[in-house]
Amino acid sequence: MLSYYSRLSAEVYDMDKPVGHSFGDIEFYKERLKEVKGPVLEPAAGTGRILIPLLESGIKIEGFDVSSDMLKICRGHCEERGLNPLLYEAEMASFTSDKKYEAIIVPTGTFLLLHERDKSLQALVNFKKHLKDGGKLILDLIMPGDFDIGRASVKTWECANGDVITHENKLAEVNFIHQYTVSHGRYEKWRNGTLIQTELERFPLRWYGVEEFRLILEQAGFQNIIISSNYEHGRYPEGTDETITFEASVFK
């Protein structure tokens, strides 16, 4: 199964974006789901940053991820809090379940990890298939910040046991025809000045135009599409630095 996340990147994600850390999205999704009484699914649930707060607020949410390392961390956080949601390893384009959901959510641009157009369209069809009549899909998109090939950035995190993890990220490819970028990441873990672990990561990320994605949702059979920006419900985006949220319903 394809995973975009290495073991070290899962560890870094958990430190950098811990459970409950919000960009305004947790509050937004709680509000949009407050009337939902049935099951909710979060594909790409990761380490539980959003899933756990929603679960604690009474939302009947479960999730999956392509990364076993992410899921292991998520399960640990759930156990610490006495929670036991259904969590499993799967991909957005191919997961199957006998359950029908009242809502499916994909926050924080995670949907864009499906950089191949065919796979992203297949995922939308799969979401629709798993939604109840009247159910809704809510997902976030982000736009690329710049296209400076070769641009590199380095970040450092200190672990609880004193280990240090560094991450160097470099934009390696921009494909304007198929609308995706590819970044190369290098994770290194250091202990007492000695390098003990290194992992390389290829990180593709797709982008869409706002009206382009509205049309894609319509063609996939979604209706009543609402576009929001920076978690302000119904505010149409004005700039490329905003998080764009699409909410769309299914009627069968």
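This note goes through a predicted model of one protein chain, from the whole fold down to single residues.

1. Overall make-up. The protein chain contains six helices and 11 strands. Its radius of gyration is 18 Å, close to the 18 Å that the globule rule gives for 252 residues, so the chain is as compact as a globular protein of that length. Along the principal axes, the C-alpha trace spans about 60 × 45 × 30 Å.

2. Of the 252 residues in the protein chain, 50% are buried. The accessible surface comes to about 12100 Å², and carbon and sulfur atoms account for 49% of that area. Among contacts with a separation of 6 or more, 64% are between residues 24 or more positions apart.

3. Helix 1. This helix covers residues 7-16. Its buried residues are Leu8, Ser9, Ala10, Val12 and Asp14. They pack against helix 4 and against strand 6, strand 7, strand 8 and strand 9.

4. Arginine 7. This residue belongs to helix 1. Is arginine 7 buried or exposed? Its relative accessibility is 54%, and the cut-off for exposed is over 50%, so arginine 7 counts as exposed. Leaving aside neighbours within four places in sequence, arginine 7 is in contact with Asp69, Gln197 and Glu199.

5. The largest pocket. Rolling a probe the size of a water molecule over the atoms shows where empty space is left. The largest pocket has a volume of about 1400 Å³. Its lining consists of 48 residues, and those nearest the centre are Lys17, Thr108, Ile142, Phe203 and Leu205. At least two lining residues come from each of helix 1, strand 6 (152-158), strand 7 (164-175), strand 8 (180-191) and strand 9 (194-206). By class, the lining has 21 nonpolar, 15 polar and 12 charged residues.

6. The second largest pocket. Its volume is about 260 Å³. Which residues line the second largest pocket? They are Arg7, Ala10, Glu11, Asp14, Met15, Asp69, Lys72, Ile73, Gly76 and His77. Helix 1 and helix 4 (68-80) each provide at least two of the lining residues. The lining divides into three nonpolar, two polar and five charged residues. Arg7, discussed in point 4, is one of the residues in this lining.

7. Isoleucine 59. This residue sits in the loop between helix 3 (51-56) and strand 2 (61-65). Its relative accessible area is 8%, and buried means under 20%, so isoleucine 59 is buried. Apart from neighbours within four places in sequence, isoleucine 59 is in contact with Leu33, Val40 and Leu54. The C-alpha atoms of isoleucine 59 and asparagine 161 are separated by 34 Å, and these residues are 102 residues apart along the chain.

8. Threonine 110. This is another loop residue, placed between strand 4 (101-106) and helix 5 (117-129). Where the relative accessibility is 16%, as for threonine 110, the residue falls under the 20% cut-off and therefore counts as buried. With neighbours within four places in sequence left aside, threonine 110 is in contact with Ala44 and Met92.

How values were computed:
Residues are numbered from 1 along each chain as its sequence is written. This is a predicted model: local features need pLDDT of at least 70, side-chain atom pairs count only at pLDDT 80 or more; totals for chains, interfaces and linings use all residues. Side-chain values use heavy atoms; hydrogens and water are left out. Helices (H or I, at least four residues) and strands (E, at least two) are DSSP runs, numbered from the N terminus. Buried means under 20% relative accessible area, exposed over 50%, partly exposed in between (1.4 Å probe, protein chains only). Contact means heavy atoms within 4.5 Å. On a 1 Å grid over the protein atoms alone, a cavity is a set of points where a 1.4 Å probe fits but cannot get out, and a pocket is an open set with protein on both sides within 12 Å along at least five of seven lines; lining residues have an atom within 4 Å of a point. Grid points are joined across faces, edges and corners, and a volume is the space filled by probe spheres set on the points. Ala, Val, Leu, Ile, Met, Phe, Trp, Tyr, Cys and Pro count as nonpolar, Asp, Glu, Lys and Arg as charged, and the others, Gly among them, as polar. The radius of gyration is taken over C-alpha atoms; the globule rule is 2.2 Å times the number of residues to the power 0.38. Accessible areas come from the Shrake-Rupley method with a 1.4 Å probe; for residues, only the protein chains shown count as cover.
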